[in-house]
Amino acid sequence: MKYLFTINLNLVCHVRTLHTSGWGQQQEAVAVESEPEPFSVFRTQETDPACQSEKHLGQFYTLPSAHFRPLFPHGLPYRYQQQVKTFNEACFMVRPPALEVISYLKKADYSKPALRYLFYGVKGSGKTMSLCHAVHFCYTQGWVVLHIPDAHLWVKNCKELLPSSYNSARFDQPLQATTWLRNFRTTNEHLLSQIKTKRRYVWTKRESTDEGRPLGELVNQGISRVKSSSDVVGALMKDLRLQSSQPGADFRLVVAVDGVNALWGRSTIKKENKSAVDLEELTLIHNLKKLMKNDWTGGAIITTLSQTGSLYTPKSAYLPQELLGETGFDSMDPFIPVSVPNYSEKEFESAYLYYLDRKWLQHPQSRTEDGKKELSFLSSKNPSMLDRICGFL
Amino acid sequence: MAASCVRTVGSFLGKCGNCSSSLNTVTSQLSRQVLSRQICVSTALKKNLAAGGPEKFTVEFIQKQVEEFDIGKRHLANMMGEDPENFTQEDIDRSIAYLFPSGLFEKKARPLMKHPEEIFPKQRAVQWGADGRPFHFLFYTGKQSYYSLMHKLYSKILNIEKHQDRMRAKGLFSQDTKEISLDTSRWLTKEELEVLLVETISSNNYDRFIQLMERLLSMPYCNMEEEFVLHYRRPLEARSKKQMVPVPERDDKGVAFSTSDGRRKTSNSSVVLRDCGSGRITVNGQEYLHYFPVLQDREQLMFPLQFMGLLGRFDLQCTVSGGGRSSQAGALRLAISRALLSFLSEGEQETMRQAGLLTPDPRVRERKKPGQEGARRKFTWKKR
């Protein structure tokens, strides 16, 4: 073990004393591990979000690959997905906003109406990543995860628009609905067979889903019959909502929506007569809005705001008031806003060390102290900016 | 061009006193000229004006100009409500700039009113009398003023030697007499000497002149001819302006800060640099990451601080207006460098200057010219 210690000391001498609080704990963890794990001050061995605490703030934990595949078929930022592919591992940083929400989730009373959490912050500050962190926690706790990767995708660039079979005034989006159902099935595979439907759904003259069938069948129905997929989505949401509210339910529901301000913004989809489609006329949006109302119990709603995908909003808007608009704010009210700031000094150093460790920074000057200061200045400690800059170093 | 300007101004002011009658005579003269003007001139009779050399002004002409200038000066003083007796050339310039405001960029193209001596080039009066005999004894050397100057100089040298001998005879000879201070001046250049002597000299002549002057200066007791020597020297230009270092003040919390401005193309910026300890930057009230989304602009902001290695130490509060993205970044960079000067030592200031951080970028948008598509781009050339 001695040689490990000397190597560790060398590493520590490089870095300033920001991480010494976590160091003691790391040492114990390393001593316990039988195989010599590559010891680094910015990593933690604690992969379970439930056990993470303030001690792990600013440190990276690796997502076990068994969790990664089902949990995030969608929902991660594109650049991060590329990074996961390059580094062959998915690492999340433990940051205060996510930890805060997880602690609330742990302590919440689930017989009361669902609590709404809203991540907000400037562009690129890590809102989606915080959301994914919270979702990972819920997944490890065995909740049903209803994760909508980006509500903006449902509101723009729609190739196919069908009049809904259920309600002729509304419009369906079969393509988006089927892709989402597929991803939903991947995420909640193990739970779908256990939960049963509570009502009977009639799709067409010949097809129907009876009561008491496993939810998996409902989902498969939606995927195979593309025409009625949006209605399936609506039915699924309603069912889950009803079931989790019941006191005897054995599962909890988490609704994670990224870019929730799309639900109350404007849409760019046009009908055949070139008139803009009102958001209320889209089935998916309509059902999602019903989910967002906190009239059900036994779960939580975690959302983020997003300016990048939003339509007709100024670039500098990032506060909930500006992005949600009047109606949105009133319907989301009351919610728990959680601000996601840029990296702090410690977090920035963690990210920098992580890139160094992964040999991502090839430029010789980027490995010096001055280089680090330069990076901190140029990216202004914004996570996505740092990622972009390091991309070409 | 300048001459005609003066003539118009002078004559205009001269006629101010007695307006109406002279105006009529002028118009009648003009009409007569118009009636008798020839429509075309045959090429054989046309004089080759260029062959005559530069325009020759007679002595009477120059004198008349001087009189007109004096009268015009008095009229101008009256017009401006100032004392005609004590009207200096600076007052004249000021008044002309006020009465004839001009937006022309070329200063020499603007209206001008100066003494004819300065405007008309000095010309030699006729050098020989009515009998054809030249006045000066050195006329037939061809460069009479040059050789007379050399003779004068040599006679002064001989005078000094005589004085030296006298002092030695008296026993009062001392080597350490007062030296003429030559540090702040330089010798006349060849062109300036030519202007002074009103004749052309060759470079050999010029060298000989300088050699003789140096010989004069090498002798002790040359301070006798100090005035003569200094007549042929010009003061050196004032040293280049030293960089004005902004004074660092302390605000109420005891934090040292300094303010400075910067300009580039059409952007103006002003920066308050605080010695806090955080590296936060605010531009026009917004985060600089939001104001300059492009990496290049942020690199420009970073350059002065990174060059001196003081990245995380200062807090910047900037305001910028005008211009485009890149010119605003450049203006801010200059302002930051200037503000940083007050926190640096002399040697570091010198390195900043040599790095080019303190030089304002003189490039501005070049004017589009008529007949061309842009400033340099010409229209597509078509062969037919």
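**Close-up views of the parallel sheet in chain A**

**View 1. The open sheet of chain A.** Five strands form an open sheet in the order β4-β9-β10-β3-β11 (chain A), and their pairing is parallel. At the edges lie β4 (144-148) and β11 of chain A, each of which pairs on one side only. From one strand to the next the twist averages 15°. The model shown is predicted.

**View 2. Helix α12 on the sheet.** Helix α12 (residues 320-332) of chain A packs on the sheet and touches β3 and β10 of chain A. The direction of the helix makes about 170° with that of β3(A).

**View 3. Strand β3 and its two partners.** Strand β3 (residues 115-120) of chain A is mostly covered, with five of its six residues buried. Five bridges connect β3(A) to strand β10 (residues 299-304) of chain A, and the two run parallel; here A:L115 stands opposite A:A300. With strand β11 (residues 336-339) of chain A, β3(A) pairs in the parallel sense over four bridges, and A:Y120 stands opposite A:S339.

**View 4. Confidence along chain A.** The mean pLDDT of chain A is 79, and 90% of its residues reach 70 or more. Over residues 1-37 of chain A the pLDDT is below 50, although this stretch has 33 contacts in the model beyond near neighbours in sequence. Where pLDDT is low, the predicted coordinates should not be read in detail.

Methods. Residues are numbered from 1 along each chain as its sequence is written. Chains are lettered from A and ligands numbered from 1 in the order in which they are written. This is a predicted model: local features need pLDDT of at least 70, side-chain atom pairs count only at pLDDT 80 or more; totals for chains, interfaces and linings use all residues. Side-chain values use heavy atoms; hydrogens and water are left out. Buried means under 20% relative accessible area, exposed over 50%, partly exposed in between (1.4 Å probe, protein chains only). Two strands pair if DSSP finds at least two bridges between them. pLDDT is the predictor's confidence in each residue, from 0 to 100. Contact means heavy atoms within 4.5 Å. Axes are lines fitted to C-alpha atoms, for helices over the stretch in contact, and angles run from 0 to 180 degrees between N-to-C directions.
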